[in-house]
Each structure stands twice: as structure tokens, then as C-alpha cells.
Amino acid sequence: MKEILGIDVGATGTKGAIVDIKKGVLITDRFKIPTPVSKKPEAMAAAVKEICQNFQWKNKMLGIGFPAVIKNKICYTASNIDNSWIGVDVYDLFNNKTKCYSTIINDADAAGIAEMTYGVGKKWPEGIVILLTLGTGIGSAVFMNGVLVPNTELGHLKFKGSIAERFASNSARKKKKLSWEEYGKELNEYLVHVDFLFSPDLIILGGGISKQFKEFSKYLSKNLDVKPALHYNNAGIIGAAMSVSYGQKNKGN
Ligand code: BGC
């Protein structure tokens, strides 16, 4: 079992590819479709099924990264998806829909697993590493000596009378039409706060925006150890596929 379909379910887009989990690389092109606007369970499960059908993936192992807290197979939060997700048995839903055997973990945890194994985090097997995905929301994956602490939700830290992802996510940048300087400074305030709380040895920034790291990194404090993710937007797919064989104790389910 080294080729697994990994699916990264986002609030905006749902994408998948077959991954060689021994090498941590995509072995097919990505197939991406918009996440259904309703963001309700049935519709989103149908989108996942469409990705499986595209790769003719049936009765096989499937790894899914999902944008919510997933614990004991249940979805516990719904910040950028419909509220009706709360309490849903995501294993039941996705297995029935896709006729596959799925493993489902938080999307940022999935990206973190990929980056720690095959990306920049590889060189940090010890200490505290935090990966933050800056997309529609902000996802987080916290690693202590290489072991994942699942479902940390650092994008929801109280920040400026609201929560951090409303200020420092990529969607906040777009919505408020922030310049790179304005965004960089906003992000810096958030990262300084995360740094103060956890004193990480490394912060990795993931999500599509990490491609533009050079544009905003000059506004980040020199005291922070921040690096862009190596796998940019593919970390979510690679990590989702890897979650199928990732240690049971680290699965978040
Ligand atoms: C959700 C997280 C998710 C992140 C990125 C946040 O709004 O609460 O669970 O990891 O968005 O998708």
C-alpha cells in the first residue's frame, strides 16, 4: 500500500491526487472542483465522491483532510462550513458515499504531517514546530518532538476582539484588499502572539499564499523563525493520503 488517493477538502475548493506516500509526491495531476456553495454534508460528500470517480477509486483506502475538528470520527466544529456538520459521523458519511475505506483528519494536521515528513519540518525532529495554513481560514498543526498534537485550532485564538483568522488569513487579505505591507504587518502581530504563547522552534506557513512568501516576509519580526512550506498547496493532499498509515495515536480519530 503505497499509492493512496489524498483529498484536501477546503471551504473553497476540493482537490485530490494519487500520492506515493513512501516518497511524499503526487503521481497524478491534481483534480480540483469548487466546494459546493451550500457547504452542507451531502453536497460536500458528493464532491469527494466526484474526485474518487475521477481517479476510479473504489473499495480502496482514501485519506481526507477536512476543515474542522475531527475527533472520534465526529465533526466538532464548523467555522467555514455549514453548521449542520457538527455532530456528523464523517467516517460513515464519506465511506457510504465513496464506497472506500477512509481516514479523515483535520486539513491543517494533514498538511503538517506532510511538511514534517517530506518538507521543511524534516530538519526539526525535536522541539516545537507549528504549521499554519493561511487560506479561507487559518488552520494549525502543532508538533512536539515530531509528534502531532491534533486539532489545535490556533486560527481561532482571540485576536483584536474577534478571532485571528478574520485578520490574518488569505481570505481576510483579499476581502479587505490589504497591500502586502498591510497584510504582512497584520500577520506579524498574529505570529508574535502565537510565538509568545508557544515559543516554537519553527513556524511553517502553508496554503497557496506561501508561494508569495517573499512579498510579506519582509514585514515579519526578525525574532521569529518562520519559513514557507515546501509543498505549498499540495501538502494538504499529500498529508491526507499519508494519514491512512500515520500512527493510530496521531490520527485525531
Ligand atoms: C477551521 C480549521 C481548519 C482551518 C483551515 C478553520 O476555520 O476551524 O479546522 O483547519 O480553517 O481550513
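Begin by selecting the side chain of N106, where an N or O atom lies 3.0 Å from an oxygen atom of the ligand, a polar contact being a pair of N or O atoms within 3.5 Å. This is a predicted model, in which local features need pLDDT of at least 70 and side-chain atom pairs count only at pLDDT 80 or more, while totals for chains, interfaces and linings use all residues. Residues are numbered from 1 along each chain as its sequence is written, and side-chain values use heavy atoms, with hydrogens and water left out.

Select E165 next: an N or O atom of the E165 side chain is 2.8 Å from a ligand oxygen atom. At A68, turn to the backbone, where a polar atom lies 3.3 Å from an oxygen atom of the ligand. The ligand taken alone exposes 310 Å², of which the protein buries 93% (Shrake-Rupley areas with a 1.4 Å probe).

Now show the residues around the ligand, with a heavy atom within 4 Å of it; among them are P67, S79, N80, D107, I138 and H156. This shell divides into three nonpolar, six polar and three charged residues, with Gly counted as polar.

Finally, colour the chain by domain, using bounds from an automatic or database assignment: domain 1 (3–109 + 235–249) and domain 2 (120–229). Their contact, defined by heavy atoms within 4.5 Å, takes 13 residues from domain 1 and 16 residues from domain 2. Both domains give residues to the shell around the ligand, so the ligand lies between them.

Definitions and conventions
A polar contact is a pair of N or O atoms within 3.5 Å; within protein, one must be able to donate a hydrogen and the other to accept it, and residues adjacent in sequence count only if both atoms are side-chain atoms.
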